[in-house]
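Work through the exercises below with the model open. Try each task before reading its solution.

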Amino acid sequence: MTTETSSRNGVVDLSFEAESPLAPPTELLERLPSYDWLLQAGRGQTFFPPLEALGRPQEQRSWSSFLEHRVPVMTEDVAREALLSFVNSKCCYSSTVAGDLVIRELNQQTLCRYRLETFSESRISEWTFQPFTNHSVDGPQRGASPRLWDIKVQVPPMFQEDIRKFQVPHSSLVKECHKCHGRGRYKCSGCHGAGTVRCPSCCGAKRKAKQSRRCQLCAGSGRRRCSTCSGRGNKTCATCKGEKKLLHFIQLVIMWKNSLFEFVSEHRLNCPRELLAKAKGENLFKDENSVVYPIVDFPLRDISLASQRGIAEHSAALASRARVLQQRQTIELIPLTEVHYWYQGKTYVYYIYGTDHQVYAVDYPERYCCGCTIV
């Protein structure tokens, strides 16, 4: 059935049409004076160049506090208490072991964790639309649309990610709905406009096979009311919600993102690095500004190299598509202790990490399987 035939009753037959795109063809939309380049860029989203961040002179730092800093020494009592607390949080660990074990050796190390956070803002634009309900239209006749980076918005608190969408002023256009061609409804694809479908019980035969009685489901008519359109034969256009027209406008999408770079200094113990990356530490150094500079003279060379690498990576990743609003780099001390202990003639080991004395125990004796996760 052609579109011309099906439109006689004001309803378009879209039974066999593919789904419409998110936006209508570009040729339907007039070119806005301030956004010719957006239409030329195609239908894809377009990133815009960021504003340049202002620099500041690099400051001289003194690391005497690092050289003088000492974390508390781990004792047997503290080590045993940490293990007891860990065991009590696990339903399948016996607390008897933690009370009776004999601690043989404590190997303590202090690690450094470097962290760089870069809070950036990126802006993209895209054509979008919504059903037009006869409200006022803020179109090009009211003036030229501002450039996207000229639109002032409230920035969320630093280092808190968010996404917001705004309608670009003076970019609205009203067009006939491209899905239903301005009719507000289209023919149901389930019944092809008939309002009824063949009875699923008798397959339209009005009687079931080898039975003389008429079909009870369709009362012998061979047809059932279409459940897709409730028997109406057509459906309200889902694109324009029956309004027949669409309000097209340029939508500004602003994304605030917090990029994270982390590095934990090398250690000789077998505690997983992913646990150390999440461990609570003691803050040794914090530098926050619109732009931070690489650390070059830290006593641990790996930390200086990590700072230089992290800042370079963030700069390369964000320079062409975002504006950096704030950066923050920190250095934290992470205590780590390897505890060797003896229990019933065998030697075992567990690790205590972080300032809050978290425990990592792999081969804890007298452990019963009941579905909990071993950490």
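This is a predicted model: local features need pLDDT of at least 70, side-chain atom pairs count only at pLDDT 80 or more; totals for chains, interfaces and linings use all residues.

Helices (H or I, at least four residues) and strands (E, at least two) are DSSP runs, numbered from the N terminus. Residues are numbered from 1 along each chain as its sequence is written, and side-chain values use heavy atoms, with hydrogens and water left out.

**Exercise 1. The whole chain**

Task: State how many helices and strands the chain has, and what percentage of its residues count as buried.

Solution. Start with the elements: the chain has seven helices and 13 strands. Next, apply the burial cut-offs: buried means under 20% relative accessible area, exposed over 50%, partly exposed in between (1.4 Å probe, protein chains only). By that rule, 42% of the 375 residues are buried. Finally, look at contacts (heavy atoms within 4.5 Å). Among contacts with a separation of 6 or more, 80% are between residues 24 or more positions apart.

**Exercise 2. Helix 7**

Task: Find which residues of helix 7 are buried, and which strands they pack against.

Solution. First, the span. Second, burial. The buried residues are Ile 303, Ser 304, Ala 306, Ser 307, Gly 310, Ile 311, His 314 and Leu 318. They lie on the same side of helix 7 because they cover an arc of only 160 degrees around the axis. That arc is taken from the directions from the helix axis to the C-beta atoms. An α-helix has 3.6 residues a turn, so residues three or four places apart point the same way. Third, the other side: Arg 301 and Ala 316 are exposed there. Last, the partners. The buried residues pack against strand 2 (102-131), strand 9 (245-264) and strand 11 (323-343).

**Exercise 3. Two glutamates in strand 2**

Task: For Glu 117 and Glu 121, name the polar contact partner of each side chain.

Solution. Begin with Glu 117, which sits in strand 2. Glu 117 is buried, at 14% relative accessible area. A polar contact is a pair of N or O atoms within 3.5 Å; within protein, one must be able to donate a hydrogen and the other to accept it, and residues adjacent in sequence count only if both atoms are side-chain atoms. The side chain of Glu 117 has such a contact with that of Asn 258, at 3.1 Å. Beyond four places in sequence, Glu 117 also touches residues including Phe 159, Leu 260 and Arg 328.

Now take Glu 121, also in strand 2. Its relative accessibility is 0%, so Glu 121 counts as buried. The side chain of Glu 121 meets the side chain of Arg 123 in a polar contact of 2.7 Å. Among its contacts beyond four places in sequence are Trp 149, Trp 256 and Leu 325.

**Exercise 4. A glycine in a loop**

Task: Locate Gly 354 and decide if it is buried or exposed.

Solution. Gly 354 is in the loop between strand 12 (346-353) and strand 13 (358-360). Its relative accessible area is 2%, so Gly 354 is buried. Beyond four places in sequence, Gly 354 contacts Ala 279, Lys 280, Ile 334 and Pro 335. The C-alpha atoms of Gly 354 and Pro 335 are 5.4 Å apart, although 19 residues separate them along the chain.
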